[in-house]
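I opened the model and went through it entry by entry.

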Amino acid sequence: MSSRKFFVGGNWKMNGDKESLGELIMTLNTASLNDETEVVCGAPSIYLDFVRSKLDQRIGVAAQNCYKVPKGAFTGEISPAMIKDCGIDWVILGHSERRHVFGESDELIGQKVAHCLESDLGVIACIGEKLEEREAGTTEDVVFEQTKVIADNVKDWTRVVLAYEPVWAIGTGKTATPGQAQEVHEKLRGWLRANLSDAVADSVRIIYGGSITGGNCKELAAQPDVDGFLVGGASLKPEFVDIINARGPK
């Protein structure tokens with residue numbers, strides 16, 4: 001097993017209200033969680049304050065997106081400074097829904113990554129190919145290109161987690177097999193080694209996202225280059241605890 005600390009993020013997306021999220025928070029606060037796993041919950045921006053005030057401090061909180069500047073005339077956006085002001089330490093950037101539903105470009109995502117890191121906010125940076133790209137055999141080209149734009153905007157890798165999320169596996173019930181996930185993660189680590197340094201390649205956590213469940217998490221967690229998960233739907237259910245504990249104590 002690597003020395004990289006296992007990382008499990010829950011992306012709640014546009015789900016929940018104070019009542020249901022309060023129940024989920026109670027479940028997490030009272031659960032027995034592996035203390036060798038770092039856990040971060042991505043809450044809707046309107047509930048960031050609420051979640052941070054209720055959730056046990058051993059669990060981190062992330063915003064699901066933000067903009068690339070500290071303040072200004074950008075109706076509906078939030079800034080890293082505002083996120084930090086709510087006591088939040090992480091943000092999810094470049095999620096496939098931001099890329100493909102809201103049309104965010106690689107360039108914009110890179111600018112956001114740079115500004116968040118300058119603002120001392122940790123970044124969960126998402127990359128991943130669509131089904132037609134996988135079927136065309138261009139998975140590597142797509143994820144390497146997305147990773148390069150992120151890497152060009154990172155000076156300090158200690159605050160960055162890379163999340164590989166094949167778009168065809170998000171919310172579809174289809175999961176990359178442990179072998180498929182490991183293959184891409186291994187190639188991504190190889191890209192980091194070739195283009196950045198051995199130190200970055202060995203230390204950066206590459207996590208997997210895409211229809212993770214309590215049933216498939218242990219086999220995925222056993223892969224040498226899978227350093228955790230970014231969990232969608234299952235992060236709103238009690239089985240999220242099983243996913244957090246997918247890799248038992250060493």
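I looked up which residues meet between helices α5 and α7, and found Asp106, Glu107, Gly110 and Val113 in α5 against Glu145, Gln146, Val149 and Ile150 in α7. Contact here means heavy atoms within 4.5 Å. Helices (H or I, at least four residues) and strands (E, at least two) are DSSP runs, numbered from the N terminus. The model is predicted, with local features taken only at pLDDT of at least 70 and side-chain atom pairs only at pLDDT 80 or more, while totals for chains, interfaces and linings use all residues. Residues are numbered from 1 along each chain as its sequence is written, and side-chain values use heavy atoms, leaving out hydrogens and water.

I then checked the geometry of the two helices. The axes of α5 (residues 106–118) and α7 come within 8 Å and cross at roughly 35°. Axes are lines fitted to C-alpha atoms, for helices over the stretch in contact, and angles run from 0 to 180 degrees between N-to-C directions. The crossing of α5 and α7 is right-handed, a term used if the near helix is turned clockwise from the far one by less than a right angle.

Next entry: the sheet. I traced eight strands that close into a barrel in the order β1-β2-β3-β4-β5-β6-β7-β8, with parallel pairing. On average, neighbouring strands of this sheet are turned by 25° against each other, direction ignored. Helix α7 (residues 139–151) packs on the sheet and touches β5 (122–127) and β6, its direction making about 155° with that of β5. Two strands count as paired if DSSP finds at least two bridges between them.

I listed bridges around the closing strand. β1 (residues 6–11) and β8 run parallel and are joined by four bridges; valine 8 has phenylalanine 229 in β8 as its bridge partner. Two bridges join β7 (residues 205–209) to β8, also in parallel, and here tyrosine 208 stands opposite phenylalanine 229. Along β8 (residues 228–231), Gly228 and Leu230 point one way, Phe229 and Val231 the other, and all are buried. Buried means under 20% relative accessible area, exposed over 50%, and partly exposed in between (1.4 Å probe, protein chains only).

I moved to the other side of β7. Four bridges join β6 (residues 160–164) to β7 in parallel, and tyrosine 164 has tyrosine 208 as its bridge partner. How many aromatic pairs are there? I counted five, with rings of Phe, Tyr and Trp (its six-membered ring) paired if their centres lie within 6.5 Å; planes under 30 degrees apart are stacked, over 60 edge-to-face and the rest tilted. Tyrosine 164 and tyrosine 208 make a tilted pair, 6.3 Å centre to centre with 55° between the planes.

Is isoleucine 207 buried or exposed? This residue of strand β7 is buried, with a relative accessible area of 0%. Leaving aside neighbours within four places in sequence, I found isoleucine 207 in contact with several residues, including Phe7, Ile124, Val161, His185 and Phe229.

For contrast I looked up glycine 171, in the loop between β6 and α8 (178–195). Glycine 171 is exposed, with a relative accessible area of 77%.
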